[in-house]
Amino acid sequence: MIVKPKVVEAMNAQIQSEFTAMAQYTAIAVYFDMEALPELAGFFYRQSDEERMHAMKFVHFLLEAGAKPIIPGLPELRNDFSSPEDAVQFALDQEIKVTNQINNLVAISNRENDYTSHNFLQWYVMEQVEEVDTMTTLLQTIKHAGGSLLLVEDFVRRNFAAGTAADAPAE
Ligand SMILES: [Fe+2]
Ligand SMILES: [Fe+2]
């Protein structure tokens, strides 16, 4: 097995975080769908798909490296939000948490002299820059719009529509 056991353990924990983010983003998308804000809903459905891709990259990496991926159960998720700003702030907080987790994974791979994993993880390091930036921009836009959510819908349609750079799968 190329990957070190401590790294495998931490990556399996990260697989749970990524699947949790997948389901949490679906819950946020559903909230926006119920608020009749289809662009925001679509944005979060697409984010949810991306999180599945993040989880599956770890799954396939572990398999290739001869380690066993664990497909986890998920913790309780938030399904209720007091406002669009609340939902997006929650999403941003989650991305910041995931960024810290990825950094911690890199630190573990360093400590274990696991250069294979260290190299693999660099993709996530850069992906998190984009994730935090996107969510920060969306939160700022909601604040600028001052309650005019149709302006936010327009912004999302123009900037984060399916197939645009911010939305494109990273690979
Ligand atoms: Fe992710
Ligand atoms: Fe993410």
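The model is predicted.

Start with the metal. The iron ion (ligand 1) is held by three residues: Glu18 (OE), Glu51 (OE) and His54 (ND1) coordinate this ion at 2.1 Å. Along the chain, these donors follow the spacing E-x32-E-x2-H. Glu18 belongs to helix H1, and His54 belongs to helix H2 (residues 38-64). The pair therefore ties together parts that are 36 residues apart in sequence. How exposed or buried are Glu18 and His54? Both are buried. Here, buried means under 20% relative accessible area.

Now turn to the largest pocket. Its volume is about 180 Å³. Two helices, H1 (5-34) and H3 (84-111), each give two or more residues to the lining. H3 gives the most, with five residues. Look for Ser17, Thr20, Ala21 and Gln24 in the lining. Pro75, Glu76 and Leu77 line the pocket too. Phe90, Gln94, Lys97, Val98 and Gln101 complete the list.

What kinds of residue are these? The lining divides into five nonpolar, five polar and two charged residues. Glu76 and Lys97 are the charged ones, because Glu and Lys count as charged.

Helix H1 links the two stops on this walk. Glu18 of H1 coordinates the iron ion (ligand 1), and H1 also gives residues to the lining of the largest pocket.

Methods. Residues are numbered from 1 along each chain as its sequence is written. Chains are lettered from A and ligands numbered from 1 in the order in which they are written. This is a predicted model: local features need pLDDT of at least 70, side-chain atom pairs count only at pLDDT 80 or more; totals for chains, interfaces and linings use all residues. Side-chain values use heavy atoms; hydrogens and water are left out. On a 1 Å grid over the protein atoms alone, a cavity is a set of points where a 1.4 Å probe fits but cannot get out, and a pocket is an open set with protein on both sides within 12 Å along at least five of seven lines; lining residues have an atom within 4 Å of a point. Grid points are joined across faces, edges and corners, and a volume is the space filled by probe spheres set on the points. Helices (H or I, at least four residues) and strands (E, at least two) are DSSP runs, numbered from the N terminus. Donors are N, O and S atoms within 2.8 Å of the metal (3.2 Å for Na, K and Ca); water is not among the atoms, so sites may look incomplete. Buried means under 20% relative accessible area, exposed over 50%, partly exposed in between (1.4 Å probe, protein chains only).
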